[in-house]
Amino acid sequence: MIDIFMGFQQAASFTALSANALGVTLGIIFGALPGLTATMGVALLIPLSFGMPPVQAFSMLLGTYCGAIYGGSISAILVGTPGTVAAAATVLEGPKLTAKGESLKALEMATYASFLGGTFSGVVLITCAPLLASAAMNFGSAEYFAVAVFALTVVGSFSSGNMVKGLAAAFAGLFISTIGIDPVSGDFRNTFGVPELFSGVALVPALVGLFAVSQVILSLEDVFKGEFGIVKYGRLSRQGLTFRELWREKINLLRSSALGTFIGIIPATGASAACFIAYGEAKRFSKTPEKFGTGTLEGIAATESSNNAVTGGALIPMMVLGVPGDVLTAILLGALMIQGLVPGPLLFAEHGAIVNGVFAAFFVSQVLMLALGLVAIRVMGKIVNVPTPILLPIVLTLCAIGSYATNNTTFDLWVMAAFGLLGYLMLKAGFPQPPLLLGIILGPIAESNFRRTLAISRNDLSVFVTSPIACTILVISLLIVLKIGWDEIRRSRSSRQ
Amino acid sequence: MKRRLFISACALLALAMAFVTPARQADAAYPDRPITLIMPFGTGNAPDTTARIIAEYFQSKHGITMLIVSKPGGSGIPGLIDLLKAKPDGYTLCLTSANALTVVPQVKPCGFTYKDFTSVAQLAVFTMGWGVKSDSGITSVDDLMAKAKAHPKKYSLGSPGSLTAQRFFHAQLMKHFPDSDLPYVPYDGGAELVTALLGNHISVAYTPIPNMLPHGDAIRIIAVSSRERDPNYPDVPTFAELYGKDLVFESIYGVVAPKNIPADRLQRLEELFKEALADPGVKEKMANLYITPGYLSGKEFGDVLKSYNDFFADPIKQYLEQNK
């Protein structure tokens, strides 16, 4: 414990602190702009970090990482465009709150939830990292498949009352996820000979099209109806979050942070899955689940605390085992190695001071994120004052830039446009959009791990039962599906009477 | 108020644009504007970091900006298709692998072969090795193959990628052991694969050894598929020593440019990359990532590509016939 205070001495030095603040600021901007991702922000800063001492370099990189995951919520809440994939679930509640004139409340909830989620995962990181990291090694392909299936049950909570349409959307998403190179045989599937589809449908343009462009098209309807110039996105709010409102979500915040940390620890799932799972669980445990989707602070507390908790969780296997859970931690791992530090158990023994400095820098990032975030939302919150006819083209331009910037290909602009149209049609026909996105995100995780498991077991399905972890998760998923089915039957019976 | 907001919104847009649009200026001495380097393997892995280390050197030493444009996925095909369309003016390059240039186009016609590009420089060669858990009891390739024969359905080999040269290398090697049960299981990346190996979910990992080196004694390398033994593991035999000299496969990375790039610009680029890879600072950073610079001139790199292409021609033909 003394060691971590020594770490704070390094992480709170002037140079480390300013590097951290620079990282957080850049992170928030990158996060808030759709398509400029946390990964790009951190990758851009890597060459800059070469010349810095380790703790200072990591202050900057971790600041960017945490800032970007948080920043995604700002645009999600204010203009209904998730700035990062991690904020995709925040779009389900944020814009509705903005429309109600409660944007400041929503933004403050997102900021506090992000801070609390990140801090929670940081505490887990410094207290039980080695223990959890070795437990995470028990996760193989069978267990990843089970986690993906569990995450897919969340489709149920997005589709209640409309199960057929929800499932249709989810299956459409799963189909879209099969486009590209077959993960096992290497064959090309459903690409129709289009080279741009060889790597599959890119996630960011699909996400931005589905949630943001579709909304823009919907707003265009008003323009054609002659309701030109009305501020549709919401009113400027001055009413902040009260402590009581935050305290009411204590269990929710704790559960979502724990879920996020857990999902961060097991490699290869990530923040996008975490926020949907936390959202689904928050709704399942909520006293007022019917309010979800109409603009509730509960949903934002769940999604934002969970996706920021992923950051600390993902650092656990990276620091302890040298195993990166996602692209971003892989970059951080590279940065660590360029500094001449090899992650793993020896790192803690040989460079304890640096490790503690890095851990402390993570906490400093959380505090800076809270402080800078509270400033940023007051500035950016004014966006809702911009009249729709000016705001819509800006949103659309940002969407286009973001879609293009991810892979630098014009094809992705077509993907964005196609998903925008699809999203619009889904809105008009009453199909829920989140199941489609869940299918696209989780399809590849579920498929490649399922087939990998079978390749290792020589097509013997019993491995899913003999692995205790996979079996437990699959049984829980099955029970949830049965419960959803039962609720649905009861509902249709009662509505018939 | 509204006006100010509008202006700040425009400024924000301009800022966002700055991240994606390189500045254009009139031509003078080459290179007088940023060089775009297409990076088809995703952000943050060894080739990407190598590119960033070199870019930093170009910037600080020569004031040359090299923009690294990430275009991941599709086995590296989309990135090379972009290069195919680029002007042969020396301002668009691609850092790619021998695998993407020679093996992928043979398996799947994708509009180019390695002959459609001008090779600029080879940058690095990664030794590929077979790693097992040290506590697995596997001592050598022969031992592994004997165990895989005695206990079918127990052992599997994991490797990153489903459409890669190592898959064909594995197929070639298994011809020596027709009775051993050791299927090829593709993983998404080297790091994920090493995690699976450490967690006992896979018995052998076939990946560049820089992925395994950080884990020290936990992983034992039983053989390497390079031409020569790896200096990090002088005691580990090569497959060529063990089972025949044609069993060689190395993961080779280099830079290519569009065909018909002016000879003087090609020469300048060769000089720049050669100088960067000889720089002690660059070498040290690469060494920290366990990457050994392996500079070869454009012509030499072209020869390497040709022999690589020819080596895999037969196994790929056989594979395609079997999978018709």
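1. Helices here are DSSP runs of H or I with at least four residues, numbered from the N terminus. By that count A:Leu61 sits in helix 4 of chain A, which covers residues 54–79. The model discussed in this note is predicted.

2. A:Leu61 has a relative accessible area of 0% and is therefore buried, the limit for that class being under 20%. Beyond the residues up to four places away in sequence, A:Leu61 touches A:Val42, A:Leu45, A:Ile46 and A:Ser49, and also A:Leu332 and A:Ala335. A:Leu48 is 13 residues from A:Leu61 along the chain, and the C-alpha atoms of the two are 10.0 Å apart.

3. Chain A as a whole contains 22 helices and two strands. Its radius of gyration is 22 Å, close to the 23 Å given by the globule rule for 497 residues, so chain A is as compact as a globular protein of that length. The C-alpha trace of chain A spans about 65 × 60 × 50 Å along its principal axes.

4. Of the 497 residues in chain A, 62% are buried. Taking contacts in chain A between residues at least 6 apart in sequence, 78% join residues at least 24 apart. The accessible surface of chain A is about 18300 Å², and carbon and sulfur atoms account for 70% of that area.

5. On charge, chain A carries 28 positive and 24 negative side chains. The centres of these two sets are separated by 10 Å.

6. A:Thr453 belongs to helix 20 of chain A, residues 434–457. Its relative accessibility is 5%, so A:Thr453 counts as buried. Apart from neighbours within four places in sequence, A:Thr453 is in contact with A:Ser141, A:Ala142, A:Val463 and A:Phe464. With A:Ala142 there is also a side-chain-to-backbone approach: the side chain of A:Thr453 reaches the backbone nitrogen of A:Ala142 at 3.3 Å.

7. The loop between helix 20 and helix 21 (463–466) of chain A holds A:Asn459. Phi of A:Asn459 is near 60 degrees, a positive value in a residue that is not glycine. Most residues other than glycine have a negative phi. A:Asn459 counts as exposed because its relative accessibility is 63%, against a cut-off of over 50%.

8. Chain B has 11 helices and 11 strands. Buried residues are 58% of its 324 residues. For contacts in chain B between residues at least 6 apart in sequence, the share joining residues at least 24 apart is 76%. Chain B exposes about 13700 Å², with 53% of this supplied by carbon and sulfur atoms.

9. One is the peptide bond from B:Tyr30 to B:Pro31, which is cis with omega near -10 degrees. B:Pro31 is located in the loop between helix 1 (2–20) and strand 1 (35–39) of chain B. Most peptide bonds are trans.

10. The other is at B:Lys153, where phi is positive at about 70 degrees although the residue is not a glycine. B:Lys153 is placed in the loop between helix 5 (141–150) and strand 6 (157–160) of chain B. At 56% relative accessibility, B:Lys153 is classed as exposed.

11. B:Thr118 is part of strand 4 of chain B, residues 117–126. A relative accessibility of 18% means that B:Thr118 counts as buried, as the limit is under 20%. Not counting residues up to four places away in sequence, B:Thr118 touches B:Val256, B:Ala257, B:Pro258, B:Lys259, B:Asn260, B:Ile261 and B:Leu266. A polar atom of the B:Thr118 side chain lies 3.2 Å from the backbone oxygen of B:Pro258. B:Val236 is 118 residues from B:Thr118 along the chain, and their C-alpha atoms are separated by 36 Å.

12. B:Asn309 lies in helix 11 of chain B, residues 298–322. With a relative accessible area of 14%, B:Asn309 is buried.

Note on methods: Residues numbered from 1 in each chain as written. Chains lettered and ligands numbered in written order. Predicted model: local features only at pLDDT ≥ 70, side-chain atom pairs only at ≥ 80, totals over all residues. Heavy atoms only, no water. Buried < 20%, exposed > 50% of the residue type's maximum accessible area, 1.4 Å probe, protein only. Polar contact = N/O pair within 3.5 Å; in protein donor to acceptor, adjacent residues only side chain to side chain. Contact = heavy atoms within 4.5 Å. Rg over C-alpha atoms; globule rule 2.2 N^0.38 Å. Areas by Shrake-Rupley, 256 points an atom, 1.4 Å probe, with all protein chains shown as cover. Lys, Arg positive; Asp, Glu negative; His and termini not counted. Charge placed at Lys NZ, Arg CZ, Asp CG, Glu CD.
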